[in-house]
Amino acid sequence: MSDAETKGPGQVKKDEGVNRRRFLSLGVWTIGGLGAAGYLTAALRFLYPPPAKAAEVQKVGMPEDFPVGVPKMVAYSGAGVSNGVYILHGTGRWDAYDVHCTHLQCPVNYYAATGTYLCPCHGSVFDINGNNLSGPAPSPLRRHQIEVRSDGVYVGGLIT
Amino acid sequence: MDMDDLLYHPVPKRVSWWDFLGFADAALFVNQAVTGMLLATRYRPSVAIGTANIPDAYQSIQEIMAAPAGPLIRGLHAWGANAIVVLVFLHALRAFYIGAYKRPRQATWIFGVLLGAVTILFGFSGYLLPWDQQAYWATTVGTAMSTYAPLVGNWLIELARGGAYITGLTLSRFFALHTMLLPALFLLIFAVHLLLVINKGMVEVEEAVPESYKRIHTPGAKGDIPAGFMPFWPNTIFRMALQVALVGVVLVTLAVIFRPGLGSPADPLNRENYQPVPIWYFLSIYQMLKFLPGRMDAIGIIGFPLLAGIVLLGLPYFDRNPSRSPRRRPLAMAAAVILTGGITAFTYIGWKSTVQTGGSQVKLKDHPSFKADITSVLQGSCANCHMGGKKSGGLDLSTYESLIKGGRRGSPVKPGDPDGSLLMQTVQGTSTEVPPMPLGQQPIPATHIQLLKNWIKDGAHNN
């Protein structure tokens, strides 16, 4: 008889013990893991903001407040803070450009002398229609939804 | 290891002050916790317009500054935050220098790096809370950097801000992060770091204690200290306490003499054309971005910091050299010197480029002098792009000679003819070739324009 056979019953019992312990430890990890996953899912759903395009439109003035060809900054409010939007009343069209540079989101300023938006941080330049002309900005200024109704000019969330 | 063993273990008498930095860091975190809790009793993380017609968060900072001991407590918190970054960096440098990240202390190092990351997050999240212009725009740019991360960039920024912009939601998030999540995370990682330090011992101590001592040493036997050594308690701890006291005196002095400032309330429309400046420990990245061409921004913003993080975390495994002696690790030492030197230099250049020196204090004179008046005007408004080695458009305004020499468009100054001088045309925005200067900012004050005009009319002398 080998050692294994003599210790047969004990061996079997020990194996059962290992399996049992493996099952229990798996149980602990499963309960812990499911709990953590549940909290994480709820947290992400709670923290993740609604899509930007779902933002409400807000009245920012009357059409006659915006002379043709001169961008004018208005405030667009969200979550207690107003953000800057340049409204450009072009010939036959209206555009709303976000004030944040597309490089690192410093606020651009419009200069009538050159007809450009300039960024004070790294010197990006945009033309009056928000197209990036020079500097590190990788894309045109972002646009907001804009609607011109009989009772006023309405600006909404970002659309680009 | 029992308590007695921990308290009375022998420490070489010639132990370096550098080895106590971890203790000083811990003391600084206690300072942040105490002053932070006090600030939280008066701070209100709300952007609603308060009774004084300013955002409530900003108003609560004003109230803190008006409260008894308020400036001291806020000063200790603000200066403490800066001091932590410096001392944590020095602590890491020391650990690197003595090879404390090598076997068997790899985990100690890795948890230390994680603590460093939490420290940076603490600083970044705390920066927004005063809700002034600096806070608002530095956080706008700081969070905008994450948009350069591939795939997850836009998701990350919206998650951090709670929307497309920095709003009241962002302030609440940063407040929760700064005062709840990060302290919990910090304590957890710090506990592991500290246990590892105790468990694995310190390099300097372990290497100095003679083997003969280790063999006969009975744990906890007081007075059983070999020659040239001292017990940890109270001798070493006294020295640590002395170092902490020194740091404390410096902190209190800074907090009393240089009160933490509060700029104008955050204005997301930026009507006053505030120019965002990053917090000083991001200046090196800020400066690097200026040197990199635009299309390489993603590399500078995401690539370098990510690489630095990976290298730091994996250092114990990348560096296979078994020696701890700095002399036998020339490659590692050279890399550290170059990296530290580079970061210091970039921080300095970045800092120089944002410092606005006394430009607004210039007085109008009919016959201004170049040295007394004109240099001050130029430094105040033009230094960002035309001084300190930067020659935008080939124009260097650091000296009289380089100003007269001019840039690619020739000399910007025609002595005696202000209206014909390109300098005057650009600062007044009348040039048809060059955009108004300073680029993208408010025009320089009328008194400065008049000073420049008078100086050129006088013949633009180097007087």
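A polar contact here is a pair of N or O atoms within 3.5 Å; within protein, one of the two must be able to donate a hydrogen and the other to accept it. Keep that cut-off handy for the first stop. One caution before you click: this is a predicted model.

**Stop 1: a serine in chain B**

Select Ser369(B). You'll find it in the loop between helix H14 (330-354) and helix H15 (370-386) of chain B. Now show Asn463(B) as well: its backbone oxygen lies 3.4 Å from a polar atom of the Ser369(B) side chain. What else is Ser369(B) in contact with, leaving aside neighbours within four places in sequence? Besides Asn463(B), there is Ile374(B).

**Stop 2: a salt bridge in chain B**

Next, pick Asp19(B) and Arg94(B) and show their side chains. The two meet in a salt bridge, 2.8 Å from N to O. Asp19(B) lies in the loop between strand S1 (10-12) and helix H2 (21-40) of chain B, while Arg94(B) is in helix H4 (residues 70-97) of chain B, so the pair ties together parts that are 75 residues apart in sequence. Over all chains, the count comes to 7 salt bridges.

**Stop 3: two cis peptide bonds**

Stay in chain B and zoom in on Arg103(B) and Pro104(B). A cis peptide bond joins them, with omega about 5°. Pro104(B) is in the loop between H4 and helix H5 (106-128) of chain B.

Then jump to Trp233(B) and Pro234(B). The peptide bond between these residues is cis too, with omega near 0°. This time the proline is in a helix: Pro234(B) is found in H11 (residues 232-257) of chain B.

**Stop 4: where the chains meet**

Colour the two chains separately and look at where they touch. How many residues are in contact on each side? Chain A brings 38 and chain B brings 42. Between them the chains bury about 3,100 Å², with 65% of that on carbon and sulfur atoms.

To see where chain A loses the most area to chain B, select Tyr48(A), Leu104(A) and Gln105(A); together these account for 18% of what that side buries. What the interface does have is 7 residue pairs in polar contact, counting pairs with both residues at pLDDT 80 or more.

Now bring up some of the elements on the chain A side. Helix H2 (8-47), strand S2 (72-78), strand S3 (81-89) and strand S5 (109-111) of chain A each supply at least two residues of the side that touches chain B. By type, the residues on that side divide into 23 nonpolar, 14 polar and 1 charged.

**Stop 5: back to Gln105(A)**

Select Gln105(A) again, this time with the backbone showing. Its place is in the loop between strand S4 (94-98) and S5 of chain A. Most residues other than glycine have a negative phi.

**Stop 6: a sheet of four strands**

Follow chain A onward into S5. An open sheet of 4 strands runs in the order S5-S6-S7-S8 (chain A), with antiparallel pairing. Which strands are at the edges? They are S5 and strand S8 (132-134) of chain A, and each pairs on one side only. From one strand to the next, the twist averages 35°.

For a closer look, select S5(A) along with strand S6 (residues 116-118) of chain A. The two run antiparallel and are joined by 3 bridges. One place to look is Tyr111(A), which stands opposite Thr116(A) in S6(A).

**Stop 7: a sheet of three strands**

Last stop, still in chain A. Here 3 strands form an open sheet in the order S1-S10-S9 (chain A), with antiparallel pairing. Strand S1 (58-61) and strand S9 (144-149) of chain A stand at the edges with a single partner strand each, so one side of each has no neighbour in the sheet. The twist averages 35° from one strand to the next.

Select strand S10 (residues 152-158) of chain A and look at both of its pairings. With S1(A) it pairs over 3 bridges, and Gln58(A) stands opposite Val155(A) in S10(A). S9(A) and S10(A) pair over 5 bridges, and a hairpin of 2 residues joins S9(A) to S10(A). Finish at Arg149(A), whose bridge partner in S10(A) is Gly152(A).

How values were computed. Residues numbered from 1 in each chain as written. Chains lettered and ligands numbered in written order. Predicted model: local features only at pLDDT ≥ 70, side-chain atom pairs only at ≥ 80, totals over all residues. Heavy atoms only, no water. Contact = heavy atoms within 4.5 Å. Buried area = accessible area lost by both parts, 1.4 Å probe. Nonpolar A, V, L, I, M, F, W, Y, C, P; charged D, E, K, R; others polar. Pairing = 2+ DSSP bridges. Axes fitted to C-alpha atoms, helices over the stretch in contact; angles between N-to-C directions. Salt bridge = Lys/Arg side-chain N within 4 Å of Asp/Glu carboxyl O.
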